[in-house]
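Visitor: Good morning. I am new to this structure and would like to be taken through it step by step.

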Amino acid sequence: MKVEWLVFFYMAVSVAMALFDFGFLAYEKIRDKRFAESTARLTDHLAREIDRNADFPTPEHKRTVERQLRSVSSLESFDLSMERLREGDVGRSERYLRGISDVFDKLTYRFLGKNDLNRAYFAYVVRRWYRAEPASPLMEEALLRIVRESSLYARQNALEALAQVGGAEAFAKAVASIDMREDFHHPKLVTEAAMAFKGDKEQLARELMRRFDDFSPEQQAAVVNYLRMVRLGEPERFLELMQRDGANREVRLACMRYFMTNPRPEAAAPLRQFAASADAGVWEFASVAASVLAAYPGAETMSVLRDCLSSPTYFVRHNAAKSLYDLGATLDGDLADIMTGPDRYAREMLEFRWKVEGERKEAATCS
């Protein structure tokens, strides 16, 4: 009897849980539908209002927009409305956005006091539609505050917004602010945001280098990677840092990669020394150096790269073979002795690299 009651109780609980799940799904569907309908209505209303005021946004219209943009849904509606206006007439949309720039400044007070979702979406909308040039100090400070105080998603949105609308000093401050936080922010995100910077890149490079010693090693590597790609920075400083034994490994590797896209004659000898190192504990340095040496043609470089083909580390052999190919070495000429020699690993790596590059050229020709 007791077992039967337990079975009935279990069945009742299971049915109740199933009913709850179905009810919750129905509620979510209805709520999503209502939200979509509400957003569509607001979007249509905003689109008509914006269209009427696109050529000359009046103070009354700007007050209306400020009152309406109070939530994530209203920001989404504004975003959609501006997409419609831009698709119809880009010049008109740009004139309108310049005319309502001060509305965004006033909205900072409203959204800074809200949760991270609201802050993140506000920063996203600012990145897309804020057109004041230069950005107001109020807007820069608001975005910096989001970087300092918010979660990863909102923080990255604010950093990207600063890259679009802010100045070099504000962006450098944002990078420094990320360093002061305890939670992790991947350096690649910082590099990507810096690459999107719309202002004076030379000024940004100077600001980042001015603060360079105060950055954490992670941010230093991110900064070097950015400066490598925009071909700016201080080569002498990076050369010294690359060779400093006590420096952070990732920073030193970033400095080595810097000299591939920004070759300097004085960097050739240290790079060859790194590539020639037989210390298995620093194989990463040898691997990166073997890759970077593709930018330093010459007999000494070819000799070092040939020796790298006998490295016990796969990545060193792989990068050396690639660099030899890029430098124009030939299997039946410059590398004939290796191809007929006793080192099977070196032969196989060269054969693999030349096969891959041949297939790549063939594919490029066919396309």
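Visitor: Which residues form the positive surface patch?

Guide: Please keep in mind that this is a predicted model. The positive patch on its surface consists of Arg63, Arg67, Arg70, Lys106 and Arg110.

Visitor: Which elements give two or more residues to the positive patch?

Guide: They are helix H2, residues 59-68, and helix H5, residues 101-112. Arg63, for example, is placed in helix H2.

Visitor: Let us step back. How many helices and strands does the protein chain have?

Guide: The protein chain has 20 helices and 0 strands. It is 367 residues in length, and 45% of these count as buried. The chain exposes about 20000 Å², of which carbon and sulfur atoms supply 55%.

Visitor: What share of the contacts with a separation of 6 or more comes from residues 24 or more positions apart?

Guide: Such residues account for 69% of those contacts in the protein chain.

Visitor: Now salt bridges. How many are found in the whole structure?

Guide: A search of the whole structure gives 23 salt bridges. As a general point, side chains of opposite charge can pair when their charged atoms come close.

Visitor: What is the distance, N to O, in the salt bridge of Asp79 and Arg128?

Guide: The side chains of Asp79 and Arg128 meet at 2.8 Å, N to O. This pair links distant parts of the chain, with Asp79 in helix H3 (residues 72-88) and Arg128 in helix H6, 49 residues apart. Asp79 counts as buried because its relative accessibility is 7%.

Visitor: With which residue does Arg119 form a salt bridge?

Guide: Arg119 pairs with Glu149, and their closest N and O atoms are 3.4 Å apart. Here too distant parts of the chain are linked: Arg119 is in helix H6 and Glu149 is in helix H7 (residues 137-149), 30 residues apart. Arg119 is buried, with a relative accessible area of 7%, whereas Glu149 counts as partly exposed at 44% relative accessibility.

Visitor: And where are Arg127 and Glu160?

Guide: The side chains of Arg127 and Glu160 meet in a salt bridge of 3.8 Å, N to O. Arg127 is in helix H6 and Glu160 in helix H8 (residues 152-165), so the pair, 33 residues apart, links distant parts of the chain. Arg127 counts as partly exposed at 27% relative accessibility, and Glu160 counts as partly exposed at 26%.

Visitor: Finally, where is Lys173 found?

Guide: Lys173 is found in helix H9, residues 168-179, and is partly exposed, with a relative accessible area of 36%. Beyond neighbours within four places in sequence, Lys173 is in contact with Leu144 and Arg211.

Notes. Residues are numbered from 1 along each chain as its sequence is written. This is a predicted model: local features need pLDDT of at least 70, side-chain atom pairs count only at pLDDT 80 or more; totals for chains, interfaces and linings use all residues. Side-chain values use heavy atoms; hydrogens and water are left out. Patches are made of residues with over 30% relative accessible area and no salt bridge: like charges are joined within 9 Å, nonpolar side chains (Val, Leu, Ile, Met, Phe, Trp, Tyr) within 5 Å. Accessible areas come from the Shrake-Rupley method with a 1.4 Å probe; for residues, only the protein chains shown count as cover. A salt bridge is a side-chain nitrogen of Lys or Arg within 4 Å of a carboxyl oxygen of Asp or Glu. Lys and Arg count as positive and Asp and Glu as negative; His and the chain ends are not counted. The place of a charge is taken as NZ of Lys, CZ of Arg, CG of Asp or CD of Glu. Helices (H or I, at least four residues) and strands (E, at least two) are DSSP runs, numbered from the N terminus. Buried means under 20% relative accessible area, exposed over 50%, partly exposed in between (1.4 Å probe, protein chains only). Contact means heavy atoms within 4.5 Å.
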